[in-house]
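Good morning, colleagues. Please bring up the sequence and the structure.

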Amino acid sequence: MKRREKKMLNRGLEDEMEVWGYRWCVWKLILVGIGALCTGGLLLLVLYWLTSWGVKATCARSSLRKAQVVLLRTTDDFKLWFRARVRVMLAPGTTPFESVEPNSTNSLLNVDDRQRVKGDPCKEHCGNFRNAASAKVHYFTHHNIKYFWRERTQNFESYKGLGDTNASCGEIQTQHSSGLSKTLQAYRALFFGDNEIDVKIPPLPKLFVKEVLNPFYIFQLFSFILWSLEDYYLYSLSMFLLTVLVIGASLYSIRRNYVKLRKMVVVHSKVHVSVCRGNEDIEQVVSSKLVPGDILTVPANGMYMPCDAVLICGTCTVDESMLTGESVPLMKTSVPSTGEKAKHVYSTEDHKHHTLFCGSQVIQSRFRGDEPVKAVVVRTGFSTEKGQLVRSILYPKPTAFKLHRDAVHFMMCMGVVAAIGFVFAIISDVANEVPVTYIVFNCLNIITVVLCPILPVTLTVGLYEAQQRMKRMGIFCVSPLRINITGQLNLICFDKTGTLTEDSLDLWAIQKAENGMFSPPDTKVVTESLANTFFACMSTCHSLTTVEGKLCGDPLDLKVFTATGSILEEPTEKQNEIYMNISSLVRHPEQSSELGTVRQFPFSSALQRMSVVVQQLGQKHLDVYMKGAPETVANLCKAHTVPQNFTQTLESYTQKGFRVIALAHRQLESELSWPQVRSLSREQVETDADFLGLIILLNKIKEQTADVLLDLRRANIRTLMATGDNMLTAVSVARSCGMIRDHEKVIVADAVPPDDRYPASVTWRYSENPVPCGDRMPEIGFAGDGSQSTEDPGYHFALSGQAYAVINEHFPELVPKLLLRATVFARMTPDQKTQLVQSLQNMDYIVGMCGDGANDCGALKKAHSGISLSELEASVASPFTSSIPNISCVTAIIREGRAALVTSFCVFKFVALYSLIAFLAMIQLYAVFSNLGDYQFLILDLCSGILLPCTICLNPTCPKLSRSVPPTRLICAPVLFSILSQTFNCLLFQIVGVYLVQKQPWYETTDPNFCFRSETNNDDLFSFDVIESDDVYVRTFENTTLFYIIYFQCIAVAIAFIKGRPFREPTYKNWVFILSCVILGGAVLFIMLYPIQFIDDHLMISCVPYNWRLTLIIFIAAHALVAIVLENVIVDVLWNIIATKVRAMRSGKPRAVKPKQMVTDQKRCGFFSKAFCCKKRPLKIKYKSLALKLMEEADWPPAPSSTTYSSAPHLRTSVAL
């Protein structure tokens, strides 16, 4: 075993981590203890903040097998460090699925009785096995998941549940259907723990300690101590109270979120359930005692599922809205026990139609007679689907935001500035023979001024204000840091049904197929006998159920079923005795025939179909009815029953935007018993069917869709669609809502996987022009909208889910080219949507995802900004949730994000300049043995440092989405030029002000209290009152001059930096900011012109001649004018003109010929280097660089009807004849 080994945990998964082993080192612990005493605990804080340093400073490297502490590091871009303590427990075995020997079963005591083994605090004697050979099991816990040491793999592994056994569906039915004995249940509980998603609400003292140990608050504490030692009590107290308010608000928000999260899981955390033991006894237990392998009985009236369990007998109607966001009840069936499907390894993802997930509500369950519905527990606690959702909320992944990284780098630069000031203060004070105490205080004051501790607070205020504005619009944000990211979005991916189009469907027509030919479409659906196979299929092939007398289920199924006029009923006990196990009964009120559903194969988005086995009461034979995607159903039907013009007919409907469903029927060959029917696999049932015809449904586009997409296009934000619907339907909807314009071509990429004779290939098919469809599908015209341009490539790619999978596997080099111009992705599975979002992110797109249901949950979580249109519980996985049931919330969120981003830049620049202004003034005062007074600091920080940046955040958001994009980086030339130019401007006026005051004739002879000299002693014009030595130190002419100058400089800079259009409303609409500036400026202006002794004494202001005060006012006005011109003319106008020309020179071609989405999304960064070196260089952003390359490729896009093969190392394209 290598001593310095490194292993991987969760390899290939999203939470993949590296792990190292360590053991406690005594001499390192002693050294750290001594260092902590010498530094007053500061060393412990540093080791607390830097996890890896903390472990390495106190432990020595060891093998993982002997480790007492493990050091973990994520493998993503963030490289986050964690530590965990390794514990040891005693158990009869080392894995949870071992068989406990009979001679050791009697020695197992109460599992709840856990006690420590004497002499070893890391050992846990779980279960207290006496008289039995116990194994030592090493484990650690990280983010509520336990990792156990495995000798076989020589690594730590987590046990998820029954899926770890790789049992097949058939084995679950045979080997895991008898239940667990109490002994085996107690043994597995040692490894899996209690079945609880235990969201513990931390006590306030613990939250408080964790919050105040943040480096920001430690720096604040250091500042408080420093200011108090300097007798700045009032200022220190004011800052302390403000910090307490901020901490209190933060603790309230954190605790409130914990309470909300706990309410999510409390409904199913501890309920009483019925469990089948090995001897077939049914025992009532608390759900927290469940372990994988237990047999759970589901009552007929339903229950909240406390775990993930797979059905082994019976069916259940389930509401999974807590997990998926879709409130449509689903039918769950038992896992297959025979046939080819029974040999497949069970997994919750592949067999979700047989799995009852934790947190879902079972509405009702059914089985034959009085037999109970049973399910095998497969996952418990935080390993369940609900547990993983809660973990993603408790431990969210950090967001990679350039503004935050640049802020850290900028603060490092400010630290360098503080160091320079530190050295200058030392040199200046030593030269003036200042006492050592003053030198120390002066130097430390420099640090507290330059590294302004109020910056994080002011940035938080801006995000909070944006969050509140969205809340008033009905948009809720669970991750405020994501608001700034939405301001950078340049691509939005939309789901179709329920997002772009209405949730409900209208049955437009039916078109039957008879004798291999289509009959004319029937727009007036006339109810026929249930003996007619077409209407029998419409009446029975669905997943509807009745809950309290009300039909519930998929909207499409509801629309089709209600059109038949049939009635859905529960079968009576007598009917179940006579006939097979019937789950539901369909009859027509005007007809005598009745149809009973014997077995159901639920709809699968991967298979794109569903089917039912039906028995007509009074008949012995069984019928199979199937419906689904027309292409899929047609492939499962007999060829002679499918009309020859099937493809043309289907295209004629889908091009008009209709949603088309195909129906099929098959009569089973022989009379089958219930066990035989149950043993039939889906493949055996859904084959050799007779094609019945088509159901044509109209899915209307939402009223707001076209306008929102037009706004996004004008704002240079790319849009695309990812849907599970038909390709041509999706293309038609994309054209109708304006995602694809009338003049643009659509290239459909049809990819075929390789077979024994031919390699994988992609055929490029150009779709036909859209066919008008009356007033039902209005076409959106874009003439005169200013968005058309000759530089637009004028084509879009469209891919199906199958083609996307084939191209990803066999043509990886084509994927970026297709994604650059792909707009429609049809027949996409939920996993493919998530993969699509990730691929777009890999091309450096900032991706937003907008959806409303279960198929979008993965993509919503993966996107930079996920926007859920569902208010159900599953929406907590999405950063944004909208109560607005249409996509108008997308533009609102982007507008708020852009406004928040601009606000963050304004606040950051102002606070940075405020610190530099105060720093420069202090350096000059130190040079003349002076400083700012307590009340001067107080007024500057409260008025300029806190009030102004907080009111800057209050500009309302611009109601129109702008075509331009806000800056995204702090470390870029425009921002740096703005800060440096304003800093130089402020420094220049400060230096000139000090120089001029020192050149005044009264500088050396005038009494600082000249305005308040004693009236009784008129002979002594320049007599001095008795003042304290500290007042002499502060109350100087330089101090007074600089105080007035820097006070108004802060106001002037705030006015210069505050930005209005195009992202925020004009500044005059921010009346709070305007009023603040007027009051703050007017109050000090009044003090300047009409000095009041009481105020001047407290502010330690020297009394200067009235003429000098007027001079200062002119001086201040000149500075304000220069500051505003610098920011609004030089930076905002001239700099953009120069930057545009530099970009054009770098690209080697005029700006106008670039693709539109590339030009408008350019980032304004690195212009200093560009100005000095304008040669052509590749762009760093991948999709922009690729677009430039494709402009030079003559063979792209591919020619119509051409085919690309993957057989040769280089792609070979042949044009079909």
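Is the crossing of α33 and α34 left-handed or right-handed? In this predicted model, α33 and α34 cross in the left-handed sense. Helix α33 covers residues 1037-1057 and helix α34 covers residues 1071-1089. Their axes come within 11 Å, at a crossing angle of roughly 160°. An angle over 145° counts as roughly antiparallel, and therefore α33 is described as roughly antiparallel to α34.

Let us turn to the residues that form this contact. Sorted by class, the contact of α33 with α34 holds 13 nonpolar residues, one polar residue and no charged residues.

I now move to a second pair, α25 and α27. Helix α25 spans residues 801-810, and helix α27 spans residues 830-842. The axes of α25 and α27 come within 11 Å and cross at roughly 50°. Because of that angle, α25 is oblique to α27. The crossing of α25 and α27 is left-handed.

Which residues meet here? On the α25 side they are G801, Q802, Y804, A805 and N808. On the α27 side they are Q832, Q835, L836 and S839. The contact of α25 with α27 comprises three nonpolar, six polar and no charged residues.

To summarise, the α33 and α34 contact has 13 nonpolar residues and one polar residue, whereas the α25 and α27 contact has three nonpolar and six polar residues. Thank you for your attention.

Technical notes
Residues are numbered from 1 along each chain as its sequence is written. This is a predicted model: local features need pLDDT of at least 70, side-chain atom pairs count only at pLDDT 80 or more; totals for chains, interfaces and linings use all residues. Side-chain values use heavy atoms; hydrogens and water are left out. Axes are lines fitted to C-alpha atoms, for helices over the stretch in contact, and angles run from 0 to 180 degrees between N-to-C directions. Helices (H or I, at least four residues) and strands (E, at least two) are DSSP runs, numbered from the N terminus. Angles under 35 degrees count as roughly parallel, over 145 as roughly antiparallel, 65 to 115 as roughly perpendicular and the rest as oblique. A crossing is left-handed if the near helix is turned anticlockwise from the far one by less than a right angle, and right-handed if clockwise. Contact means heavy atoms within 4.5 Å. Ala, Val, Leu, Ile, Met, Phe, Trp, Tyr, Cys and Pro count as nonpolar, Asp, Glu, Lys and Arg as charged, and the others, Gly among them, as polar.
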